Amino acid sequence: MSSLRQVRFLLGKDLRIELRKKESLVSMAFFGTLILVMLNIANGIGRQVDAETGAGILWVAIIFSSVLGLGRVFAREKENGCVAALLLSPVTAGEIYLAKTLVNFTLMLLAELVLVPVFYVLFGAQLNAAPLTLLPILLLVNLGFSTTGTLVSAISAGTRRNEVLLPILLFPLILPLTALAVKATSGALAAKPLTALLDQLEPMAAFCVVFTAAGYLLFPFAIRED
Amino acid sequence: MRLRPKNTCRTKRKPKTSVSDQPPFLSISGLRKSYGGREALRGIDLDLQRGEFLCLFGPNGAGKSTLLKIVATLLRPSAGQVNLLDYDLQEHPEQYRAQLGMVSHQSFVYQDLSVLENLEFYAALYGVKQPRERSLELLEQVNLLDCCDMLAANLSRGMQQRLTIARALVNDPTLLLLDEPYTGLDEHAASVLRDQLQLLHSRKRTIIMVTHNLRRGMESATRLGILTRGELVYLEPKKNIDQAGFEKLYFQHLETV
């Protein structure tokens, strides 16, 4: 059977559960909004933030809230041994990895549909860029975060302190991506054209390619009991 | 001292691994598994023909579940080989796994999907031609058709176990692995399982069951095995020994462990 079909079945199952329960989505959107509100209060309500600070605030909210979704996607597979059932089926570990990555990517995107408007409402009055300028940056970070996060959450899901281990392992790995994203976002928020951000976007794309390949190759070792 | 049954030819040699001269359906040779320094399996050799029903008994920690997990591809062996027909476990894992069904300690069902959605999902993964029809057929066999729209989380334990049985059969497996399948089953679920096993056996499906329940194990099996300390110390066709004799032999083995 074709890999695409298998990925589609796995993705459809996860999204159906998520849309039914809305556990990850609600917690990601709520937690991210909470971070934005707290940072808005800490900054002083009504006080201006420059593009660099705004970019940092946006990515702190997105990255921290996205970790909640990552942990949940694999926790669900561990319940009742479903991950073993997947490994017993003719699905390859690579197909499971791609499906989980797409689930995480979709969840991040949906959470950002809430968080970016909230960010603009709270901080956007002083920022120049239209939200659409952020789109390529958001997509690249989502991809890099999802590919890396899926691998790390598969590793940490097998441990007792999953919720602690996941961010400890993940954040150092995505540090280069986050730093590039903050720089690119600050340029976008300062109304620079997309071509002026290529110095950040190109290494971000390279990060995504490298971590997708590494995740795909390493995932079979991360997901198995032995 | 290793104990021997009456009426059987247990000597210092290993148990005869096959009852036929035909090429085996499932062939396990020299299988070893170590966890750190501890050997869970110490050189298992076993051949099964198509349609055989092997029931493996043994005390806790004997290596029964480890053996099943290796055959199911969930664990990698430290040494040795497992072949199903012409499919080498290492070389053709997907084709090999497409032939398998497993009932384990865990239900393998998603609590947030309905009964029918669970079966349809697994049927689709196995490439079943008509996943919905196959799922409904199985739900009827395990008496869950009326609950097909219920979330798995809302099923009683007995109903969940019947769903587990249906899930394991969704791909019509040619090799069925059962790890303590009767544990915690209510009488209804146990009779559903027994009926399904008899049906599969009559259709020449090969079955390996691991259990502590001697009565349940012996009522359907065609071969009996005892695994202790990672070694297959007894393996004979059921016809070679009566139930009382086997029970005596089994408890003697337990005492030595």
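## Basis of the description

Because the model is predicted, local features need pLDDT of at least 70 and side-chain atom pairs count only at pLDDT 80 or more, while totals for chains, interfaces and linings use all residues. Residues are numbered from 1 along each chain as its sequence is written, and chains are lettered from A and ligands numbered from 1 in the order in which they are written.

Helices (H or I, at least four residues) and strands (E, at least two) are DSSP runs, numbered from the N terminus. Two strands are said to pair if DSSP finds at least two bridges between them.

## The open sheet of chain B

Six strands of chain B form an open sheet in the order 6-7-8-3-9-10, and the pairing within this sheet is mixed. Strand 6 and strand 10 (231–237) of chain B stand at the edges with a single partner strand each, so one side of each has no neighbour in the sheet. On average, neighbouring strands of this sheet are turned by 15 degrees against each other, direction ignored; axes are lines fitted to C-alpha atoms, for helices over the stretch in contact, and angles run from 0 to 180 degrees between N-to-C directions.

Helix 1 (residues 64–71) of chain B lies across strand 3 (53–57), strand 7, strand 8 and strand 9 (223–228) of chain B, and runs at about 150 degrees to strand 8 of chain B. Helix 8 (residues 243–256) of chain B also packs on the sheet, where it touches strand 3, strand 9 and strand 10 of chain B, and its direction makes about 10 degrees with that of strand 9 of chain B.

Strand 7 (residues 175–179) of chain B is largely enclosed by the rest of the structure, because five of its five residues are buried (20 or more other C-beta atoms within 10 Å of a residue's own make it buried, 12 or fewer make it exposed, and anything in between makes it partly exposed, with C-beta atoms placed from the backbone). Both of its faces are covered, with B:L175, B:L177 and B:D179 on one side and B:L176 and B:L178 on the other.

Strand 7 of chain B pairs in the parallel sense with strand 6 (residues 100–103) of chain B over four bridges, and B:M102 has B:L177 as its bridge partner there. Strand 7 of chain B also runs parallel to strand 8 (residues 206–210) of chain B, to which five bridges join it; B:L177 stands opposite B:I208, and B:L178 has B:M209 as its bridge partner. Together with helix 6 (residues 187–202) of chain B, strand 7 and strand 8 of chain B make a right-handed β-α-β unit, a crossover being right-handed if, with the strands pointing away from the viewer, the path from the first strand over the helix to the second runs clockwise.

## The hairpin of chain B

Strand 1 (residues 26–35) and strand 2 (residues 38–48) of chain B run antiparallel and are joined by eight bridges, with B:S27 standing opposite B:D47. These two strands form a hairpin with two residues between them, and B:G36 in the turn has a positive phi of about 65 degrees.

## Where the chains meet

The contact between the chains takes 25 residues from chain B and 21 residues from chain A. On the side of chain B that touches chain A, helix 2 (93–98), strand 6 and helix 3 (115–125) of chain B each supply at least two residues, and the largest share, four residues, comes from helix 3 of chain B.

## Single residues in loops

A:N128 lies in the loop between helix 5 (93–123) and helix 6 (135–157) of chain A, and this residue counts as exposed, with 12 C-beta neighbours inside 10 Å. Leaving aside residues up to four places away in sequence, A:N128 touches A:L189, A:A190 and A:A191.

In chain B, B:N143 is found in the loop between helix 4 (131–141) and helix 5 (157–168), and has a positive phi of about 60 degrees although it is not a glycine.

Conventions
Contact = placed C-beta atoms within 7 Å.
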